[in-house]
Amino acid sequence: MTTTTTPRTSPPQASTLTRWIPRLLIAVAVLHFIWAFLQPNDWAGIAADGFFRSIVDPEAPDYTAREADVWFMIGGVAMLALGTLGRHIIRVTGRLPAQFGWYLLAMGLILCVLYFPVTGGWAPLIIGVLAILAAGSRGTARHTPPK
């Protein structure tokens with residue numbers, strides 16, 4: 001009994017801009033993690049309290065700083081997740097959907113409006129615009145996944 005397999009085709013090559021979008025986002029995530037410990041923070045207090053349930057008391061004197069520290073770190077994790085997911089999508093399909101850029105644009109726009117002008121929100125805003133442009137450019141490979 002012989003079986004035949006269909007040769008696996010590789011997706012079309014993505015444009016240079018498309019390939020750089022996840023790289024830029026991953027770099028911003030790494031900088032986000034670094035800045036989480038360089039800016040004024042209360043990670044020492046969180047560690048001293050043993051991490052577990054160290055941010056549940058809103059009456060604690062450093063509650064706001066601790067909460068900001070955790071959400072800042074979660075923002076870095078979210079950007080890292082989007083960056084690595086974007087890289088995977090490009091490897092599989094050869095393109096990056098415009099939706100990816102719109103999410104980043106929304107994140108950046110909210111941060112820029114709330115913290116204008118001194119904010120790191122410019123990074124996701126700019127990367128989001130670049131992702132939208134890359135998704136709509138003629139140079140970006142189009143690929144329909146197999147059924």
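Me: What makes the charged end of R23 count as sitting over the ring of W20?
Reply: In this predicted model, the charged end of R23 is 4.9 Å from the centre of the W20 ring. The distance has to be within 6 Å, and the charge also has to lie within 35 degrees of the ring normal.

Me: Why is the aromatic pair of F37 and W43 called tilted?
Reply: The structure holds 2 aromatic pairs. In the pair of F37 and W43 the centres are 5.3 Å apart and the planes make an angle of 40 degrees. Stacked needs under 30 degrees and edge-to-face over 60, so 40 degrees is tilted.

Me: Why is the pair of F116 and W122 called edge-to-face?
Reply: The angle between the planes of F116 and W122 is 65 degrees, with 6.1 Å centre to centre.

Me: How do you know whether W43 is buried or exposed?
Reply: W43 has 15% relative accessibility. Buried means under 20%, so W43 is buried.

Me: What makes F116 exposed?
Reply: The relative accessible area of F116 is 58%. The cut-off is over 50%, so F116 is exposed.

Me: Why are helix 1 and helix 5 called roughly antiparallel?
Reply: Helix 1 (residues 16-38) and helix 5 (residues 122-136) pack at about 165 degrees, with axes 9 Å apart. Angles over 145 degrees count as roughly antiparallel, so the two helices get that label. Residues in contact include L17 and I21 from helix 1, and I127 and L130 from helix 5.

Notes. Residues are numbered from 1 along each chain as its sequence is written. This is a predicted model: local features need pLDDT of at least 70, side-chain atom pairs count only at pLDDT 80 or more; totals for chains, interfaces and linings use all residues. Side-chain values use heavy atoms; hydrogens and water are left out. Rings of Phe, Tyr and Trp (its six-membered ring) pair if their centres lie within 6.5 Å; planes under 30 degrees apart count as stacked, over 60 as edge-to-face and the rest as tilted. Buried means under 20% relative accessible area, exposed over 50%, partly exposed in between (1.4 Å probe, protein chains only). Axes are lines fitted to C-alpha atoms, for helices over the stretch in contact, and angles run from 0 to 180 degrees between N-to-C directions. Helices (H or I, at least four residues) and strands (E, at least two) are DSSP runs, numbered from the N terminus. Angles under 35 degrees count as roughly parallel, over 145 as roughly antiparallel, 65 to 115 as roughly perpendicular and the rest as oblique. Contact means heavy atoms within 4.5 Å.
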